[in-house]
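Visitor: I would like to learn how to read the contacts and domains of a model like this one. Could you take me through it step by step?

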Amino acid sequence: MLLHQFQHANKTIKKDTILDAYFKNIFEEIGKGSQFTARFFKEITTTSFEIKEFFWQCFVIGYKSLPLVTITGFIMGLVLTIQSRPTLSKFGAESWLPSMVSLSLIREIAPVITALICAGKIGSGIGAELGSMKVTEQIDAMEVSAINPYKYLVVTRVLATTLMIPILVFYADFIGIFGGYIGYNIHGNISMFRYFTNVLEHLEFLDIFPATIKTFFFGFSIGMIGSYKGFNAENGTESVGKAANSAVVTASLVIFIIDMVAVQITDFLY
Amino acid sequence: MTKEKTLLQETNATPKRESVIEIKNLKKAFGKNAVLKGVTLSVYKGEDLVILGRSGSGKSVTIKCLVGLVVPDNGSMHIFEKDVSQLNHKEWDDVRTRIGFLFQNGALYDSMSVRQNLAFTLTHHTKNLTEAEVTERVIEALENVGLEAAIDKMPAELSGGMRKRVGLARTIIIKPEIILYDEPTTGLDSITSREISELILAVQKKYHTTSMIITHDMACAKLTSNRIVILREGIIHAEGTYLELEKSDDEWVRSFFI
């Protein structure tokens with residue numbers, strides 16, 4: 001009996017210790033991440049800007065993501081139209097299909113799906129690139145050469161993602177709406193002019209504005225999380241893979257959290 | 001007289017004793033593992049100091065502390081008579097521009113060509129250079145390491161020895177007063193190792209640099225050193241010229257020279 005009680009107590013202590021360590025790790029990570037993010041605002045206001053590297057990153061992040069965003073945006077619009085059509089037809093509201101699809105895309109689906117896709121492509125790319133630079137001492141080489149690696153590598157990438165993700169989302173909105181037009185014409189017949197007139201008739205400024213604002217936060221998070229994970233990769237090539245993987249998982253989670261907060265704020269304000 | 005002996009005699013001449021690096025009671029632990037337990041060391045202007053020691057004895061940590069890549073737990077470090085613990089970010093950068101660091105694997109920026117690797121460092125240090133001047137300086141640095149033909153190659157296309165040469169060219173392009181070498185011949189065959197050692201010696205002579213060389217390679221130590229310091233378990237165990245230490249009474253010290 002005594003032995004059983006002792007074993008039970010021992011198990012409880014071990015469980016508590018593991019939980020303590022788990023929560024300690026989480027809080028440590030949040031603390032370090034916050035410091036890393038705070039440094040961004042300090043560096044951006046106090047030091048000169050790496051303009052060439054910034055434009056290069058805009059090209060890599062923005063232009064090179066266009067094919068992926070085109071395909072996913074088109075499929076989003078097409079599938080949403082095809083899936084929504086039977087339900088709307090039942091209520092005789094088929095004519096609402098273009099505006100419903102465009103509103104869904106602009107307010108929610110295109111920003112979130114595009115951000116998630118970019119978290120996978122861009123976030124993991126930044127995590128892996130900086131992680132690889134870290135383990136091969138390239139970041140140390142910059143540091144000892146009196147070149148600020150944070151300013152050169154992190155500030156430029158975070159600014160590029162913050163600027164490029166909203167542009168990619170706008171592009172995905174347009175391509176998605178065009179996909180909706182193609183989807184509509186599979187079973188129906190509508191001219192492009194009438195379709196887009198229908199779309200624009202029901203769009204308001206307040207549909208576009210909050211959705212655009214949140215995409216800046218999505219872009220900032222993708223760049224910052226990718227950079228943080230890569231910059232803090234520990235020695236060894238295994239950590240490069242971990243940095244890339246962790247960047248995608250964390251950025252995806254943060255995108256959903258930002259989206260939830262943004263929806264609550266929009267709902268409260270309007 | 002062989003070339004090696006001539007070089008040895010030339011380099012073993014004791015230079016003027018004006019210290020550029022002063023390390024006092026340097027301590028550093030990683031968790032419970034105390035790596036440096038109180039290293040005290042002076043490096044003099046124009047001197048070529050080799051640091052020997054077994055793996056894990058704290059050689060690389062010592063030079064990484066010197067450039068701020070590792071923050072020591074205790075002790076003081078003066079570089080060019082400045083206490084580095086008191087320096088702000090700008091002052092640190094000013095000191096770093098006078099120090100070159102050759103990493104073990106070259107640490108070349110792998111997204112840039114050889115030309116861009118060298119130009120990147122140069123243009124961040126020397127403003128207002130024209131493109132022609134940058135190219136001229138890049139070619140000059142590459143000529144000094146015998147690699148001008150590789151100017152437009154990417155790091156992935158270079159062999160281990162070539163990467164170290166380019167790393168050295170990137171270090172000397174800013175004409176530093178001190179160069180720290182972290183195991184410059186590790187992972188190379190004996191012929192390439194000797195070439196790199198001779199290159200280090202040539203750079204020392206041409207640029208009149210002060211050097212700290214971390215190595216396990218005794219041929220490199222013999223060729224490049226004025227003075228050798230041997231680290232053992234985080235403290236300096238022995239100090240002297242190559243010839244003095246080779247004939248040391250201490251069997252452990254002599255074991256390096258077998």
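Visitor: How many residues of chain B are in contact with chain A?

Guide: Two residues are in contact if their C-beta atoms, placed from the backbone, lie within 7 Å; here 12 residues of chain B are in contact with 10 residues of chain A. This is a predicted model, in which local features need pLDDT of at least 70, side-chain atom pairs count only at pLDDT 80 or more, and totals for chains, interfaces and linings use all residues. Residues are numbered from 1 along each chain as its sequence is written, while chains are lettered from A and ligands numbered from 1 in the order in which they are written.

Visitor: Which elements give two or more residues to the side of chain B that touches chain A?

Guide: Helices (H or I, at least four residues) and strands (E, at least two) are DSSP runs, numbered from the N terminus, and on this side of chain B the elements giving two or more residues are helix H3 (89-96) and helix H4 (114-125).

Visitor: And how is chain B divided into domains?

Guide: Domain bounds come from an automatic or database domain assignment, which for chain B gives domain 1 (20-98 + 176-258) and domain 2 (105-175). Their contact takes 12 residues from domain 1 of chain B and 11 residues from domain 2 of chain B, and helix H7 (residues 190-207) of chain B supplies the largest share of the domain 1 side, 6 residues. The C-alpha centres of these two domains of chain B lie 24 Å apart.

Visitor: What is the mean pLDDT of chain B?

Guide: pLDDT is the predictor's confidence in each residue, from 0 to 100; the mean for chain B is 87, and 94% of its residues reach 70 or more.
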